[in-house]
Amino acid sequence: MTGSAGPVRYGSWSKDKPGWFGGLSARAWIGVALAGLPMLLAAGANRWLLALAWAPAWAVLAVLLAVPVRGRSTFRWALDSLLRGVGGALGWTDWQSRAAAGTAADLDDADLPGVLSGIRTHDGPPFGPLLARPAVIADHRERTWAVVARIAHPGIGMSETTARTRMGIGLAELLEGAATTELVSVVALQVRTLPDDGAERAAWQQTHLRPEAPPLARAVTAELAAVMTQAGVRHEAFVTVVVPERRIHRQAREAGGGVDGRARVLYGVMSEIEARLVGPVGCTSVTWLDSPGLASAIRTGFAPGDRAGLATAELAVSTDSRIAAVLPMAAAGPTAAPPPERRHYVHDAWHSATCTVLLPDKGAVMGALAPVLTPTTAGERRCATVFFEPISSTRADRMVGNESMSSELATEIRRRGGFRDRAAHRRDAARVEGQDVRLAQGNALVRVAVAVSVTVPTSWSITDYGRRLEASVTGSGFKPLRLDLAQDSAFAAACIPLGIGLPRRRGAQ
Amino acid sequence: MSSRRIGRQRQSTRGRGVAHLVSDFGHELPPLLSPPARPADVDPFDTLVGRRGRTGQAAGWAAVPAPLAVYRMTSEQVGGVWPLIAGDGLPPGGALLGIDYLSGGAFSADPIGWTLSSVAGVTNPNMIFFGAPGRGKSGTVKMFALRQMAYGYRTLVLGDVKDEYEPLCRALQVRPHAVGHGLPARINPLDFGPLGNDWTRLPRAEARRRAAMVFSRWLLLIRGLVGSQHVPFGPTAETAVGQVLRDLTGYADGADRMREVTIPQLWQALRAPSDELVDACRYATRQHFLDETRPLRDALGALVTGHLAGLFDAPTTVSVDWRAPIQSLSLSRLDPLGDEAVGVALTCLNSWGRAMTQLAEPGDLRIVIRDECWKQMRLGTDAVKSLDADLRLSRNDGCIQVVIAHKPSDMWDCCTSR
C-alpha cells in the first residue's frame with residue numbers, strides 16, 4: 001500500500017477457517033483418528049486380520065472426512081442432500097406467499113421465503129433534517145437489527161490510482177470505525193447491474209419534449225430511445241448495516257427501550273457510517289430506505305422487471321396524488337417459488353444462479369470484479385454482494401495469535417518430521433505474520449465473503465447464463481464456486497439487500 | 001435485632017420532614033407526583049424462527065444455508081473486493097448520444113440541465129470537443145444538435161468551414177448562408193445585434209449597460225483581429241479605438257440613435273483623425289497620433305483591403321430566421337485563402353454571433369457551434385481571449401457554446417508561440 005505508480009494489488013488474505021495442520025481442522029483430525037481407532041485396537045489385540053480388514057474402511061472414511069469436494073466434505077454434501085430431500089418430501093422447500101394464497105392479514109408484515117422469513121420491519125422515529133422514517137429491520141432468526149441505504153457512487157472507472165487507493169482506505173476506515181465501536185456485526189455492500197427500463201427517461205421526456213419540434217428530431221429521438229433502452233443497463237447500490245440485539249440491548253434500554261430505542265441507537269451508527277460513505281469512500285448520496293423503499297428494493301431483487309412500474313408510479317405520484325405508488329411489505333417477496341433446483345433458484349418469472357467467489361492467492365487490484373458485474377446480453381441482471389464483518393480488536397488479537405501459534409507449530413512439525421518447507425507454506429506464514437503486524441498498527445481484522453448472482457427470465461437458459469457468470473468470475477481473476485443445493489439462501493445473500501447470508505463465526509457475539 | 005426495630009430506629013434518626021414541619025403551622029405542601037412508571041423493555045424478538053427459516057407446507061424452508069467462502073483479512077486489504085466499480089452515470093435527460101462505456105447505461109447530454117441541477121459539478125453549459133481529424137467530432141456535434149432540437153433547442157453554426165452541416169440543414173429544410181467572394185452575403189462583425197433594438201426608448205441606465213456590452217464586444221473583436229496580424233493591441237491603442245467607436249456611433253455626442261459602424265469606417269477615422277480625437281487620446285500633435293497608431297491602422301487595413309475585403313466590411317445583409325431550428329453560415333468558399341484567413345473570418349463571425357445571441361428571451365435555448373476552432377486559436381492569444389469571453393457568458397444566456405478543436409494544446413501552442 002505504498003504510493004507506487006501502478007495500481008495497488010491487494011492479496012494478503014487467508015481462509016477464515018485455516019487448517020490446523022496439513023490443511024485440516026482439528027475436528028477433521030479427531031474424526032480421522034477416531035475412525036482409525038478400531039484398527040489400532042485390533043492391532044493391539046493382535047487381531048491382525050481384523051486390523052487389515054478395517055484399514056480400507058478407515059482409508060475411505062479418512063478420505064470422506066478430509067478431502068473437500070467443491071468446498072465441502074463428502075459428509076457435508078451427504079447431510080445437505082439429505083436435508084434437501086427431506087424438505088422437498090415434506091413440501092417445506094417450495095414457497096407460496098400469503099398474498100398469493102389470499103391470507104395476507106397485515107400488509108406491513110414482510111412475507112419472505114427461507115432465510116429471510118424472520119424479517120419484520122418497523123418504521124423508525126424521524127431521522128435527519130428531512131425527518132425521514134428509515135425502516136428498521138428486525139431479523140428474528142438471528143436476533144439482529146439492520147438498516148439499508150441506497151447509495152450512489154461515481155464508480156472508479158475514471159479514477160486515478162491515487163484516488164482509488166484513497167477510496168479503498170476510506171472503506172477500510174469505515175470498517176475500522178465499526179470494529180472500534182463494537183456495535184456493527186456486518187456491513188454488506190450490494191451492487192446490481194440491471195437492464196435499463198427507461199422509466200426515468202420516459203418521465204423526463206414527458207415534461208421536456210416539445211410538440212413543435214422538427215419531426216426529424218422527434219423521430220430520431222424516439223427510435224434511439226427504443227434501441228438504447230434495450231441495450232443499456234443501470235446500476236443500483238445498497239449498503240446494509242447489521243447490529244446484533246445483544247450488542248445494543250443496554251444502550252437501547254437507556255434510549256427509551258422498544259423498537260424506538262433500538263432505532264435511536266442505530267441512528268447514531270447510521271450517521272457515522274453515512275459520514276464515512278460520503279467522505280472518504282466517495283459516495284455522492286446516501287439515502288436510508290423507508291418501508292416502501294425497502295419493499296421496492298426487495299421486490300426488484302426478486303423481479304427485476306417490476307422496477308419500471310414502481311419507478312414510473314413513484315415519478316407519477318408527484319403530479320397525481322391519487323396514484324398508489326407505495327409497495328406494501330407484504331408484496332415485496334415473490335408470489336411463488338418451486339423447491340430450489342440443485343444449481344439454480346426459480347422465483348416468479350425469473351430464475352437465478354448464484355456463486356460464491358474464491359479470492360486468488362496472487363491477489364487482485366481494485367475494480368477487478370468489473371467483469372462479474374457486466375451483463376453479457378441485454379436483459380440479464382447481475383448482482384454482487386460483499387459482506388464485511390469487522391471484528392473487535394480483542395477478539396482479532398486472539399484469533400491472529402492462535403493462528404500465528406498454529407502456523408509456527410505446523411512449521412516446527414514439518415521441520416522435525418523432515419518435510420520440506422515449501423513456498424506456499426512460507427507465504428502463508430508470512431501472511432499470518434503480516435496480519436499480526438498490521439493489527440498492531442491499528443488496522444481491524446475483517447471477515448469477508450462475496451456472493452454473485454445472475455438473474456434472467458425463466459424463458460432463457462439459466463444453465464447458459466450461469467456458465468457465463470462463472471466465466472466472468474474466472475475472467476476477472478477470481479474463482480467461482482456454485483453454491484449447489486443452497487441456491488435459495490445463496491440468492492437471498494447475493495440479491496436481497498438485507499445483510500443476510502454471511503456464515504456465522506463460531507463464538508460470535 | 002428484629003427488622004421492625006431497625007426500621008423504627010432509622011425513622012427516628014431521619015427526623016421530621018419539611019411536610020411535617022409545615023403542617024405544624026397549618027399548611028399542607030402540594031403532593032409530589034410519583035415518577036412515571038418506566039415501561040419494561042420487552043423483548044422485541046418474540047417470534048421464534050429457525051436458522052433455515054420457517055417449516056411447514058410451502059413455507060420456503062431453506063434446507064442448506066448458503067456456504068459462502070469466507071476470508072479473513074486486515075482492513076486495508078478490502079480494496080481487493082471493492083464492488084462499487086461502475087457509477088450510476090448522469091441523469092437521463094437531454095439528447096441521447098450513445099452508451100456510456102464505463103457504466104454501460106445510455107448516455108445522454110443535457111448541459112443546461114446539468115448546470116441548473118449542479119450535476120457532477122457542472123457550472124457552465126459549454127462543450128469542447130477534442131479529437132484527431134476524422135474521429136467523429138463534427139458528427140457527434142450534429143447528433144447532439146439534432147437530438148436537442150426535440151427539446152426546443154435551436155442551433156447556430158458560426159462558420160461551417162467544410163460544409164459539414166449543410167446536409168443537416170437541408171434535412172431540416174433550411175438553406176445555409178454562404179459567405180465568400182462573389183456572393184451577396186455580408187457580415188458586419190460590428191453589428192449591434194438585438195442590443196441595438198428600441199434604443200431610443202431605453203431607460204438611461206439600460207442604454208448605458210447595453211452600450212458597455214457593445215463596446216466591450218467590439219474592442220475584444222478588434223483586439224483579436226489586430227492581434228492576428230502580429231500587432232500588439234495595448235491600452236493606448238484601445239483608448240484610440242474606443243474613442244473612435246464612440247464618436248462614430250454618436251454615443252460620445254449623446255445621440256438618441258446609435259449609428260451602425262463598419263471596420264472600414266473605423267480604419268478611415270484612424271487614418272484621418274479629427275483634432276478632438278487627437279486631443280481626447282492625449283497626443284501632442286496629429287502627426288504624433290498617426291505615428292503611434294500606424295501598426296494598428298495597417299493591421300485593420302489588411303482586413304479592409306486584404307484577401308477578406310468585401311466580406312466583413314459592410315453592413316450585414318444576412319437575414320437570420322431565429323425561429324428556424326438551425327442556421328448555418330458557410331465559410332467553405334474561403335478555404336483556398338488559407339487557414340489564417342479562415343481564422344480571421346471565424347473571429348468576425350464569433351463576435352457577430354455573440355451579438356445575435358446576447359439578449360436571449362427566457363426559455364430561448366440555443367446551441368452555438370464553432371467548428372474548426374483551432375484555426376481561430378492559431379491567430380494568437382487575443383483571439384483565444386475573444387473566444388474565452390464568449391464561453392464565459394453562456395451560463396447567463398441559456399446558450400450552449402460548442403467548440404470543436406483538435407487538442408487542448410491548440411490553445412497552448414498559440415499562447416507560447418505568440
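**The sheet of chain B**

In this predicted model, chain B contains an open sheet of six strands with parallel pairing, arranged in the order E4-E9-E8-E5-E7-E6. Strand E4 (127–130) and strand E6 (177–178) of chain B stand at the edges; each has a single partner strand, so one side of each is left without a neighbour in the sheet. Strands of a sheet pair through backbone hydrogen bonds, either parallel or antiparallel.

Strand E5 (residues 153–160) and strand E8 (residues 365–370) of chain B illustrate the parallel sense, pairing over five bridges. Here B:Leu156 stands opposite B:Val368 in E8(B).

**Helices across the sheet**

Helix H4 (residues 137–149) of chain B lies across E4, E5, strand E7 (326–330), E8 and strand E9 (399–405) of that chain. The helix runs at about 165 degrees to E9(B). Helix H12 (residues 339–357) of chain B lies across E5, E7 and E8, and runs at about 160 degrees to E5(B).

**A buried proline**

B:Pro125 is found in the loop between helix H3 (111–117) and E4 of chain B. Because its relative accessibility is 3%, and buried means under 20%, B:Pro125 counts as buried. Leaving aside neighbours within four places in sequence, B:Pro125 is in contact with B:Pro111, B:Ile112, B:Thr115, B:Ser394, B:Arg395, B:Cys399 and B:Ile400. The C-alpha atoms of B:Pro125 and B:Arg210, 85 residues apart along the chain, are separated by 24 Å.

**A nonpolar patch on chain A**

A:Ile30, A:Leu34, A:Leu37, A:Leu40 and A:Leu41 make a nonpolar surface patch of about 520 Å². Of these residues, A:Ile30 is found in helix H1 (residues 26–44) of chain A. A:Ile30 counts as exposed because its relative accessibility is 51%, the cut-off being over 50%.

Note on methods: Residues numbered from 1 in each chain as written. Chains lettered and ligands numbered in written order. Predicted model: local features only at pLDDT ≥ 70, side-chain atom pairs only at ≥ 80, totals over all residues. Heavy atoms only, no water. Patch = residues over 30% accessible without salt bridge, like charges linked within 9 Å, V, L, I, M, F, W, Y side chains within 5 Å. Areas by Shrake-Rupley, 256 points an atom, 1.4 Å probe, with all protein chains shown as cover. Salt bridge = Lys/Arg side-chain N within 4 Å of Asp/Glu carboxyl O. Helix = DSSP H or I, 4+ residues; strand = E, 2+ residues; numbered from the N terminus. Buried < 20%, exposed > 50% of the residue type's maximum accessible area, 1.4 Å probe, protein only. Pairing = 2+ DSSP bridges. Contact = heavy atoms within 4.5 Å. Axes fitted to C-alpha atoms, helices over the stretch in contact; angles between N-to-C directions.
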